[in-house]
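The chain is shown first, and the reading follows.

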Amino acid sequence: GDAYVQLEDYNKAVSAFEAAAKSGNEIIAPMSLKKAGLAYLELGKKASAKKAFEAIKDNYPSSAEAQDIDKFIALAE
């Protein structure tokens, strides 16, 4: 996903990040969801970004990404 972001191919980046998030891994999933959310913001898809950020808050509340997730949720509103 990161490589696609570098190439500014945000659709492919989202697909890669969402696939990684499905792993359910406590470290990889929230990181991937946050990156997917940021890629969605680049695409102007705020509702999808908000959904990704809220998934971090709901499913991985003790992750490092959840510590400041409210500001990202606010960006996506």
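## Length of helix α3

The expected span of a helix is taken as 1.5 Å times one less than its number of residues. The model discussed here is a predicted one, and its helix α3 covers residues 28–42. Because α3 has 15 residues, it should span 21 Å at 1.5 Å a residue, and this agrees with the 21 Å that separates its end C-alpha atoms. Just after α3, G44 adopts a positive phi of about 80°.

## The covered side of α3

Which residues of α3 are buried? They are A29, P30, S32, L33, K34, A36, G37, A39 and Y40, and the elements that cover the buried residues of this helix include α2 (10–21), α4 and α5 (69–75). An α-helix has 3.6 residues a turn, so residues three or four places apart point the same way.

When neighbours within four places in sequence are left aside, S32 is in contact with F17, A20 and A21.

## The nonpolar core

The largest nonpolar core has 20 residues, and those touching the most other members are L33, A39, A49, F53, I56 and I69. Two or more residues are given to this core by each of α2, α3, α4 and α5. In soluble globular proteins, nonpolar side chains tend to be buried together.

One of these core members, A49, has contacts beyond its neighbours within four places in sequence, namely with G37, Y40, L41 and A76. Of these contacts of A49, G37 and Y40 are also listed among the buried residues of α3.

## Residues open at the surface

Is I28 buried or partly exposed? I28 has its place in helix α3, and because its relative accessibility is 40%, it counts as partly exposed. Together with I27 and M31, I28 forms a nonpolar patch on the surface, and the accessible area of the three residues together is about 270 Å².

Helix α4 (residues 46–59) contains E54, which is likewise partly exposed, with a relative accessible area of 31%. E54 and Q67 are separated by 13 residues in sequence, while the C-alpha to C-alpha distance between E54 and Q67 is 12 Å.

Note on methods:
Residues numbered from 1 in each chain as written. Predicted model: local features only at pLDDT ≥ 70, side-chain atom pairs only at ≥ 80, totals over all residues. Heavy atoms only, no water. Helix = DSSP H or I, 4+ residues; strand = E, 2+ residues; numbered from the N terminus. Buried < 20%, exposed > 50% of the residue type's maximum accessible area, 1.4 Å probe, protein only. Contact = heavy atoms within 4.5 Å. Core = buried A, V, L, I, M, F, W, Y, C linked by side-chain atoms within 4.5 Å. Patch = residues over 30% accessible without salt bridge, like charges linked within 9 Å, V, L, I, M, F, W, Y side chains within 5 Å. Areas by Shrake-Rupley, 256 points an atom, 1.4 Å probe, with all protein chains shown as cover. Salt bridge = Lys/Arg side-chain N within 4 Å of Asp/Glu carboxyl O.
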